[in-house]
Amino acid sequence: MAKQEKQSRRAFLWTAGGLAAGGIGYLALKEKDDPNKPLKDRYPDAASRQRVLSELTHDPRVAPVYAHVEATTYAPRLEALCVYLQNKIPTLPQELRPGVQKKLNHYRALGITLENVAAGADPAKTNDSLAITDPTGTGMSRVFLTERVFESPYVRTLEDVKSILYHEGLHAVINRNGPTFGPGAFEKLVRKTGFRSVPLEVMTNPDFLRALIEVQVYNKQVYENERGTFKVSPEFRKMIAIAYYPHYQTLKQHAQQDNVFGWYAKAMLETIVVHPKVNSK
Ligand SMILES: [Zn+2]
């Protein structure tokens, strides 16, 4: 059990990733705040952005998935995430360091991508760079939100931002508990694999695990948006559909294999309720 937990922590340290996107709510809004203005004008500086993000994590629709989040940080171009990981690496067990270093390199590159976005690149093509959830290895996660949360033309309202925060909080829950499956799909998995928990082979395949987890997270995010839990803007809805699709396709491809990856992919596809159809631009 302890060993399993350790494995699980390790794998998730390598793979938790995130992307999301995201608003205007009623909750913590000041009266003087004009909801018709773009978010970047309503929240022009780092201090006001950090403040509103922190407030929104207390929204009753968002708060439940933040039980395992120890900090929610505005990190315009992921600087705070990179510093955090840089400081973290020397404190980690030797065998975990290369994987975290690899993530750090990835986030540095993503930071540069964000600079390019600011310089005029198409933000719709960079939908993986709005927010990142990274676990600390202690069962708690940190959520980092970039300037795109306030500046992307696809994020219009605080409801959109709440949906982004919700997406990232779901990652934190999965960081802690692992991916989950519907009862029927789960029993089938156990019969096929002989395991009740995700085997190491799957846990240590970051690309597959990422697709598996993102599909679980997007499924839930889109489901809650569509049933009106979050009253997101049409622009945001479109961006999320675009972001969801490639992960879903990856899983569909894996589902054709008769091996452990195929079984896991099938189990997740049987669990989810939102099956994206469009690869819109
Ligand atoms: Zn994600």
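**Exercise 1.** Determine which residues of α10 meet α11, and describe the crossing of these helices.

*Solution.* Step 1. Contact requires C-beta atoms, placed from the backbone, within 7 Å. On the α10 side, Phe208, Ala211, Leu212, Glu214, Val215, Tyr218, Gln221, Val222 and Asn225 meet α11; their partners there are Arg237, Ile240, Ala243, Tyr244, His247, Tyr248, Thr250, Leu251 and His254. The model is predicted: local features need pLDDT of at least 70, side-chain atom pairs count only at pLDDT 80 or more, and totals for chains, interfaces and linings use all residues. Residues are numbered from 1 along each chain as its sequence is written.

Step 2. The axes of α10 (residues 206-226) and α11 (residues 234-254) come within 9 Å and cross at roughly 140°. Therefore α10 is oblique to α11 (under 35 degrees is roughly parallel, over 145 roughly antiparallel, 65 to 115 roughly perpendicular, the rest oblique).

**Exercise 2.** Classify the arrangement of α4 and α5 from the angle between their axes.

*Solution.* Step 1. Helix α4 (residues 79-88) and helix α5 (residues 97-118) have axes that come within 10 Å and cross at roughly 160°.

Step 2. The angle makes α4 roughly antiparallel to α5.

Step 3. Glu79, Leu81, Cys82, Leu85, Gln86 and Lys88 of α4 make the contact with Val100, Lys103, Leu104, Tyr107, Arg108 and Gly111 of α5.

**Exercise 3.** Identify the buried residues of α3 and how they are arranged about its axis.

*Solution.* Step 1. In α3 (residues 46-56), Arg49, Val52, Leu53 and Leu56 are buried (20 or more other C-beta atoms within 10 Å of the residue's own).

Step 2. Viewed down the axis of α3, these buried residues fall within an arc of 100°, so they line one face of the helix.

Step 3. Their cover includes β1 (69-74), β3 (141-145), α6 (148-151) and α7 (158-177).

Definitions and conventions:
Axes are lines fitted to C-alpha atoms, for helices over the stretch in contact, and angles run from 0 to 180 degrees between N-to-C directions. Helices (H or I, at least four residues) and strands (E, at least two) are DSSP runs, numbered from the N terminus. Two residues are in contact if their C-beta atoms, placed from the backbone, lie within 7 Å. A residue is buried if 20 or more other C-beta atoms lie within 10 Å of its own, exposed if 12 or fewer, and partly exposed in between; C-beta atoms are placed from the backbone. The arc is that of the directions from the helix axis to the C-beta atoms.
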